[in-house]
Amino acid sequence: QRKFVEDTKTIKQLEEQVQRQKTEMKDQNGQLMDMEKIIQNKEQDLEEYHMQNFKLQADLETAAEEKSEKDRRILELEQELDYYKEETEKYKEKISEIEKLERQELDYYKEETEKYKEKISEIEKLERQELDYYK
């Protein structure tokens with residue numbers, strides 16, 4: 001439970017960092033890719049442990065202790081795998097939110113640019129009219 005509380009605090013800090021630092025989205029993507037690699041490695045570890053458990057059944061006396069330990073480790077790996085999958089989803093959601101905000105910001109600047117272009121065009125028109133008037 002302490003690890004869960006620590007993980008929860010860490011997740012909260014990461015979420016705040018993501019919101020404050022949109023410009024680090026590339027790093028976040030890198031971290032997402034790292035997490036996906038970790039998940040793949042954990043899945044491979046899990047498969048290896050399952051195969052080892054099957055082979056250990058040949059020697060029942062020593063296999064009983066080893067199997068118990070391997071089962072515990074498999075459970076830990078499955079829990080870790082679930083944790084990393086959840087974290088990956090959270091990163092994907094945050095990245096999606098950031099991308100949405102960036103698109104909104106881009107649209108806003110496009111609109112503002114268009115307004116400025118229109119105003120500049122109006123000013124230029126008035127300047128030409130004034131110039132024509134004085135000619």
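1. A residue is called buried here when its relative accessible area is under 20%, and exposed when that area is over 50%. Thr88 has a relative accessible area of 4%, so Thr88 is buried.

2. The model is a predicted one, and its chain has a mean pLDDT of 87, with 91% of the residues reaching 70 or more. Among the elements of the chain, α3 has the highest mean pLDDT, at 93, whereas helix α1 (residues 2-20) has the lowest, at 82. Where pLDDT is low, the predicted coordinates should not be read in detail.

3. The largest nonpolar core consists of 10 residues, namely Leu32, Met35, Ile39, Leu46, Ile74, Leu77, Leu81, Tyr84, Tyr91 and Ile95. Helices α2 (25-56) and α3 (60-134) each contribute at least two residues to this core, and the largest share, six residues, comes from α3. In soluble globular proteins, nonpolar side chains tend to be buried together.

4. Within that core, Tyr84 deserves a separate comment. When residues up to four places away in sequence are not counted, Tyr84 touches Met35, Ile38 and Ile39.

5. Which residues does Thr88 contact, leaving aside its neighbours within four places in sequence? Thr88, which is placed in helix α3, is in contact with Leu32, Met35, Glu36 and Ile39.

Note on methods
Residues are numbered from 1 along each chain as its sequence is written. This is a predicted model: local features need pLDDT of at least 70, side-chain atom pairs count only at pLDDT 80 or more; totals for chains, interfaces and linings use all residues. Side-chain values use heavy atoms; hydrogens and water are left out. A nonpolar core is a set of buried Ala, Val, Leu, Ile, Met, Phe, Trp, Tyr and Cys residues joined through side-chain atoms within 4.5 Å. Buried means under 20% relative accessible area, exposed over 50%, partly exposed in between (1.4 Å probe, protein chains only). Helices (H or I, at least four residues) and strands (E, at least two) are DSSP runs, numbered from the N terminus. Contact means heavy atoms within 4.5 Å. pLDDT is the predictor's confidence in each residue, from 0 to 100.
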